[in-house]
Amino acid sequence: MKGIRQLAEHLDISIGTVSRALNGKPDVNDETRKRVLEAAEKLGYVANQAGRSLRKGATGIIGFMMQTGHDITGEGDSFFMRVFDGVQTVLSQHNLDLVALLCSSEEDPEAYLKRIVARGFADGIILSATRHKDARFELLHRAKIPFLTLGRSQTDVGQPWYDLDFEGMAEAALSRLIDKGHRHIAISRPFGEINLGYVFEDKCRALLSDRGLQLDPAHILRCSPNEAGGYDVARQVIAAKTRPSAIVLLNEATVVGFYRGLQEAGLTPGRDIAVIGQHSPQAQFLHPALTCFRPDLRLLGVALAETLLSTMPAFAAHYPEAERRRLWPMELIEGESD
């Protein structure tokens, strides 16, 4: 059975009564409601979601826009899976569903989002991979679609945002390395205009300057945020005219490739070069144990969902204390690599 009309005909009840019973309206007696629900389950009734969305003016969907492709996600992406779990935990409490909006690495993100907006696909949107200047913010703001960003940008339309505390990571990592005597410290950052690269590099440069040191331009190593990118960074470090004695890797996936590159050259993290990175499920298998930063990604997902819902009139009352903007902390896990 595929429609409410067929269900109403089967029960010999008006379509309006069946609809009110299915939607929990109070003007339907308990006996009728029970008959309708039992018949719907027995006969496999499927609601016409498109029609329901038109009547309610809502889709019941929250979109999470992310870019895909090997150069972006590498061999797999556990980061977003953990965030998604936290987001859906909250959304399910309101009968909402999370849908990943997958923009190919070969497509312009703004053009992709314009298509999503034109289709009225989602009631709210979470944007990731925010750029230094990001036209998507203004697009959603003009369309009056509630949205939140996982990441900051020089573009700011007053939207809520959460971002990993890359400044805090830079301060803790560089202070730790300098205190251990390192003076030639390299950093990695992603290719392109992803804003976190700017945030991290600027903070590292300022911190080193405060300690009477400089961030050598040759020690700012751009790479793809994946395993292959980390391997390439290792080759750059090995070939450097002035080899850094320490490095801070910004992306969790690059660490695996970096270890491999060093080991092929007969170098050992923690002995020949100090390494600090970000935690990943694979990090626990690295030797020597990686000194790394670990955010609670599932809890981050919960916070993202609660903050986004707090901006939507239908759900705002449930989250009166949701934070609008926050740097998300990362715990330092001490290992042997530095």
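A word on conventions before we set off. Residues are numbered from 1 along each chain as its sequence is written, and side-chain values use heavy atoms, with hydrogens and water left out. Because the model is predicted, local features need pLDDT of at least 70 and side-chain atom pairs count only at pLDDT 80 or more, while totals for chains, interfaces and linings use all residues.

Let us begin with the whole protein. Its secondary structure comes to 13 helices and 12 strands; helices (H or I, at least four residues) and strands (E, at least two) are DSSP runs, numbered from the N terminus. Taken along the principal axes, the C-alpha atoms fill a box of roughly 85 × 40 × 35 Å. Of the 338 residues, 49% count as buried, where buried means under 20% relative accessible area, exposed over 50%, and partly exposed in between (1.4 Å probe, protein chains only).

Now turn to helix 8. Its buried residues are R136, F137, L139 and L140. Seen down the helix axis, these buried residues fall within an arc of 165°, so they line one face of helix 8; the arc is that of the directions from the helix axis to the C-beta atoms. What do the buried residues of helix 8 pack against? Their partners are strand 1 (61–68), helix 7 (109–118), strand 3 and strand 4 (147–150). Just after helix 8, K144 takes a positive phi of about 60°.

The loop between strand 3 (124–127) and helix 8 (135–142) also deserves a visit, and H132 lies in it. H132 has a relative accessible area of 19%, so it is buried. Leaving aside neighbours within four places in sequence, H132 is in contact with S153, Q154, T155, E193, I194, N195 and Y198. A129 lies in that loop between strand 3 and helix 8 too. Phi of A129 is near 50°, a positive value in a residue other than glycine, and at 29% relative accessibility A129 counts as partly exposed.

Next come the aromatic rings. A pair of aromatic rings is described by the distance of the centres and the angle of the planes. Rings of Phe, Tyr and Trp (its six-membered ring) pair if their centres lie within 6.5 Å; planes under 30 degrees apart count as stacked, over 60 as edge-to-face and the rest as tilted. A search of the whole structure finds 6 aromatic pairs. The rings of F79 and F80 have centres 5.2 Å apart and planes at 80°, so this pair is edge-to-face. F137 and F147 also form an edge-to-face pair, at 6.1 Å centre to centre and 65° between the planes. This pair links distant parts of the chain, with F137 in helix 8 and F147 in strand 4, 10 residues apart. F137 is buried, with a relative accessible area of 0%, and F147 counts as buried at 7% relative accessibility. Elsewhere, ring pairs link F64, F79, F80 and F84 into a cluster.

A volume is the space filled by probe spheres set on the points, which are joined across faces, edges and corners. The structure holds 2 cavities of 30 Å³ or more. The largest has about 50 Å³ of space, and its lining includes A129 and R136. Strand 1 gives the largest share of that lining, 3 residues. The second largest cavity has a volume of about 40 Å³ and is lined by S188, R189, P190, C223, P225, L250 and N251.

The peptide bond from H287 to P288 is cis, with omega near 0°, and P288 is found in the loop between strand 9 (274–278) and strand 10 (291–294). N95, in the loop between helix 6 (78–91) and strand 2 (97–104), has a positive phi near 55° and counts as exposed at 70% relative accessibility.

Technical notes:
Contact = heavy atoms within 4.5 Å. 1 Å grid on protein atoms, 1.4 Å probe; cavity = no way out; pocket = protein on both sides within 12 Å on 5 of 7 lines; lining within 4 Å.
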